[in-house]
Amino acid sequence: MSLNAVRPWRSIDRRKSRQIHVGPVAVGGDAPISVQTMTNTVTTDVKGTLGQILRAAEAGADIVRVSVPDEDSSRALKEIVAESPVPIVADIHFHYKRGIEAAEAGAACLRINPGNIGDEKRVREVIKAARDHGCSMRIGVNAGSLEKHLLEKYGEPCPEAMVESALEHIRILEDNDFFEFKLSVKASDVFLAAAAYQGIAEVTEAPIHLGITEAGGFVPGTIKSAIGLGNLLWMGIGDTLRVSLSADPVEEVKVGYEILKALGLRHRGVNIISCPSCARQGFDVIKTVETLEKRLEHIKTPMSLSIIGCVVNGPGEALMTDVGFTGGGNGNGMVYLAGKQDHRISNEAMIEHIVEEVEKKAAEIEAARAASEAEAAE
């Protein structure tokens, strides 16, 4: 039985959207909400760009976007696509020919900004290239680059203008019998972005790419994204997302997954439940959690770990986690396995021991999953 069947307050009813593909990654429909990021290297630096893509993929990125601003970048893109472990979205601005070149280079998806790519004829040429080469597309509306006629009509970037922009370009794609597209209506203002996304979600079945654009540095950008994307996802809106941070793209992936994990929409790696620490702590909680986060990055299996400084909340939190540790006295604490007290361990040996227990539990979960899949296949 699903936990949500007995805890309906945890349920999220996802908006029904049609499904498209970005390479092998399904977006929309009943597919998992995918996590994206974007490289910030110079695209013509093929080695550096691929290195960043590999690190993002290792962190869990399902899709990576790469900017294609010039012909040299188009040529580099072909090499990048050939070596990338994940589908590549080509980010196209201003010159429609870059979109055609990116499709020819093997991009899985073309992201175009309707406000600055040119007239309808040019968009049609990009559509043809996408169709000919099996690319999907993303209509990327941005509050900072709305079309002149919409700004004149509405006086400023507003939800209505952003929705109208998206619908105008949806019409162009659909009039050309092209339906392999998703769309975004991004703004740096959380209220504007959220209202635009709610508006577009009501008038189209296309899959939606979520993002708060130009959100800022790591801390403020994470907070703005968590508020904006979190609320939209909670309402069931969103099929793929990118957290935009002035930070390492790997951090974008991590934050994206944490948002999805907090809402129970995706599960990957170890979910550490830890206290903020206080004078009651039996060990250095903050330092321990920081160390464990790094030491457990290699675990991809969804599981939970509680690290609580004292016995006030520790035993209760441990009841709901796969592995737990609660601080005690005399330099040692209690280890919990599957929610039950199991044994004590010294604070000095705690980190290595917890890593071993988590690795052991992850192996058990994977073995059980493999056995279940083998049995289902028979």
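This report walks through the cores, helices, surface and loops of the structure above.

## About the model

This is a predicted model, in which local features need pLDDT of at least 70 and side-chain atom pairs count only at pLDDT 80 or more, while totals for chains, interfaces and linings use all residues. Residues are numbered from 1 along each chain as its sequence is written, and side-chain values use heavy atoms, with hydrogens and water left out.

Let's start inside. In soluble globular proteins, nonpolar side chains tend to be buried together. Here the largest nonpolar core has 79 residues. A nonpolar core is a set of buried Ala, Val, Leu, Ile, Met, Phe, Trp, Tyr and Cys residues joined through side-chain atoms within 4.5 Å. Buried means under 20% relative accessible area, exposed means over 50%, and partly exposed lies in between (1.4 Å probe, protein chains only). The residues with the most contacts inside this core are Leu77, Leu110, Met137, Met162, Phe181 and Leu210.

Leaving out residues up to four places away in sequence, the partners that Leu110 touches include Ala90, Val126, Cys135 and Met137; contact means heavy atoms within 4.5 Å. Another core, of 20 residues, lies apart from the largest one, and Val270, Phe325, Val335 and Ile345 are among its members.

Helices (H or I, at least four residues) and strands (E, at least two) are DSSP runs, numbered from the N terminus. The expected span of a helix is 1.5 Å times one less than its number of residues. For helix 8 (residues 159–175), with 17 residues, that gives 24 Å, and the end C-alpha atoms are 24 Å apart, which agrees. Its buried residues include Met162, His169 and Leu173. Just after helix 8, Asp177 takes a positive phi of about 55 degrees.

## On the surface

Which residues make the nonpolar surface patch of about 370 Å²? They are Phe218, Val219, Ile223 and Ile227. Patches are made of residues with over 30% relative accessible area and no salt bridge; like charges are joined within 9 Å and nonpolar side chains (Val, Leu, Ile, Met, Phe, Trp, Tyr) within 5 Å. A salt bridge is a side-chain nitrogen of Lys or Arg within 4 Å of a carboxyl oxygen of Asp or Glu. Accessible areas come from the Shrake-Rupley method with a 1.4 Å probe, and for residues only the protein chains shown count as cover. Phe218 sits in helix 10 (residues 218–234) and is partly exposed, with a relative accessible area of 39%.

Leu151, in helix 7 (residues 148–154), counts as partly exposed at 32% relative accessibility. From Leu151 to Ile227 is 27 Å, C-alpha to C-alpha, and 76 residues in sequence.

Is Glu357 buried or exposed? Glu357, in helix 14 (residues 347–377), is buried because its relative accessible area is 9%. Apart from neighbours within four places in sequence, Glu357 is in contact with Val323, Leu337 and His343.

Now for the loops. Ser277, between strand 11 (270–274) and helix 12 (285–295), has a positive phi near 80 degrees and is partly exposed at 24% relative accessibility. Asn330 has a positive phi near 60 degrees, lies between strand 13 (323–327) and strand 14 (332–337), and is exposed at 82% relative accessibility.
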